[in-house]
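Here are a few quick notes to read alongside the model. Have it open and follow the points in order.

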Amino acid sequence: MMRGMEQLPTEERLKNWDLSVWKRDDEVGDLIEVHKIMTGNVSGAGGSRAGGGRCRAYADLEQEELEPRLRDTPEDISFEAAANTIAFHPSQDILAAGDVDGDVYVYSYSCLEGGNRELWSSGHHLKSCREVSFSHDGHKLFTVSKDKSIHILNVEEGRLVTRFSKAHSSALNSLLVIDDHLFATGDDGGMLKVWDLRKGTDIMEMRQHEEYISSMAIDENKKLLLTTSGDGTMGVFNIKRRRFELLSEPQSGDLTSIALMKRGKKVVCGSSEGTIYLFNWNGFGATSDRFAVKAESIDCMVPVTENVLCTGSIDGVIRAVNILPNRVIGSVGQHLGEPIEQLAKSHTGQLLASSGHDQKVKFWDISSLRSMVVDDYRKRKKSGQLKALSCKALGGREDFFADMREEAEAPKEEQEEESDSVDSN
């Protein structure tokens with residue numbers, strides 16, 4: 001074959017093939033037949049039967065080359081700036097992301113190679129977009145920003161539907177969509193507001209935290225709203241009666257994230273010091289349990305099942321953690337050496353997405369976590385490498401494909417500390 005021909009498409013290679021390099025007569029005959037058919041120089045009524053069959057074989061091969069490869073997870077999505085926040089659509093294969101420049105992007109994603117596609121983008125925010133969230137019906141996208149504004153956009157077209165330009169007196173930091181009409185926002189000054197779209201204004205405004213509100217959660221009855229704050233406390237607000245209930249005792253470090261587990265019986269909070277705090281429902285004043293995951297921090301978390309959640313850390317590792325018994329199960333994936341900003345679970349429950357300072361959104365297969373059972377009495381090692389729980393995690397079968405791998409080593413984990421108290425609930 002002529003030098004450089006391997007870089008040409010199949011059709012071009014056949015049109016320009018140097019037949020002189022082929023020694024066997026039957027191979028030359030095959031190539032001549034294909035060359036004639038591809039260039040239209042076919043003698044007789046359709047050429048020889050054998051030549052037509054060989055051409056179909058080559059055409060099939062070319063079609064196989066053109067068909068996209070099916071992957072375990074969608075390809076990474078790269079941005080021009082780091083994405084602070086991500087959210088999955090509640091019923092479609094769509095993901096939204098907001099970055100530090102204030103831009104909002106909406107993508108459709110697919111496990112087919114090259115299947116991710118940008119649907120639209122919005123640049124309405126003047127400063128960093130801190131949080132994005134879809135409405136429960138998936139028709140609207142809520143966004144909040146450091147510029148103190150709240151935007152609500154039409155998901156299908158990306159059109160701005162509603163804007164609250166001076167929603168808070170401080171930069172907005174967190175957002176929670178409660179139902180079809182209500183949503184809550186928290187800012188850097190510790191102010192919480194609950195908004196009613198039917199009235200077009202806030203219906204509840206309270207400042208009980210001394211520092212920023214980092215995350216929020218609500219019970220299934222849509223009655224008690226829980227907040228975590230940089231002041232180390234968890235707040236409890238009754239939004240039906242529009243009153244403040246209580247603050248928990250302060251913990252060491254910032255409380256950065258919150259999730260409801262064990263069918264709403266446990267409240268789990270992550271901290272900037274790498275400790276997970278557990279509260280009993282209706283026992284919000286003091287923790288019932290705590291344990292360290294040996295990470296520098298826990299900056300975000302998302303429940304996968306009633307017992308297992310995933311955490312993101314400043315070290316770039318996504319850990320799967322079992323709650324009661326409290327144990328780090330292993331590593332789902334990583335942004336090598338880059339802090340993780342947010343995690344989100346897809347509407348099917350099979351994919352986890354993560355956004356990091358490497359300006360990428362990555363996808364991870366978490367389907368195996370849904371059937372995982374952790375034994376109370378399993379003998380636990382004192383130290384060792386985190387177990388790879390997905391094929392793209394360090395140590396997994398596709399580990400050697402990881403970008404910028406260089407000589408990075410899998411993070412080492414010492415055994416997590418024994419729980420400060422035993423909790424069998």
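1. A definition to start: a charge sits over a ring if NZ of Lys or CZ of Arg is within 6 Å of the ring centre and within 35 degrees of the ring normal. In this predicted model, K392 lies over the face of W364, 4.9 Å from the ring centre.

2. On to the aromatic pairs: the structure holds eleven of them. One is Y109 with F363, whose ring centres are 5.6 Å apart with the planes at 35°, so this pair is tilted. It ties together distant parts of the chain, 254 residues apart: Y109 is in the loop between β4 (104-108) and β5 (117-122), while F363 is in strand β28 (residues 360-365). Y109 and F363 are both buried.

3. Another pair to look up is W281 and F284, which is edge-to-face, at 4.9 Å centre to centre and 85° between the planes. W281 is partly exposed, with a relative accessible area of 23%, whereas F284 counts as buried at 5%.

4. There is also an aromatic cluster, formed by F142, F164, F183 and W195.

5. Now have a look at S297, in the loop between β21 (289-292) and β22 (300-303). Is S297 buried or exposed? At 5% relative accessibility, S297 counts as buried.

6. What does the side chain of S297 reach? It gets to the backbone nitrogen of I314, at 3.3 Å, and a polar contact of 3.0 Å joins the side chains of S297 and D299. Beyond its neighbours within four places in sequence, S297 is in contact with several residues, including S271, E273 and G312. S297 and G312 are 15 residues apart in sequence, with 8.2 Å from C-alpha to C-alpha.

Methods. Residues numbered from 1 in each chain as written. Predicted model: local features only at pLDDT ≥ 70, side-chain atom pairs only at ≥ 80, totals over all residues. Heavy atoms only, no water. Helix = DSSP H or I, 4+ residues; strand = E, 2+ residues; numbered from the N terminus. Buried < 20%, exposed > 50% of the residue type's maximum accessible area, 1.4 Å probe, protein only. Contact = heavy atoms within 4.5 Å. Polar contact = N/O pair within 3.5 Å; in protein donor to acceptor, adjacent residues only side chain to side chain. Phe/Tyr/Trp six-rings, centres within 6.5 Å; stacked < 30°, edge-to-face > 60°.
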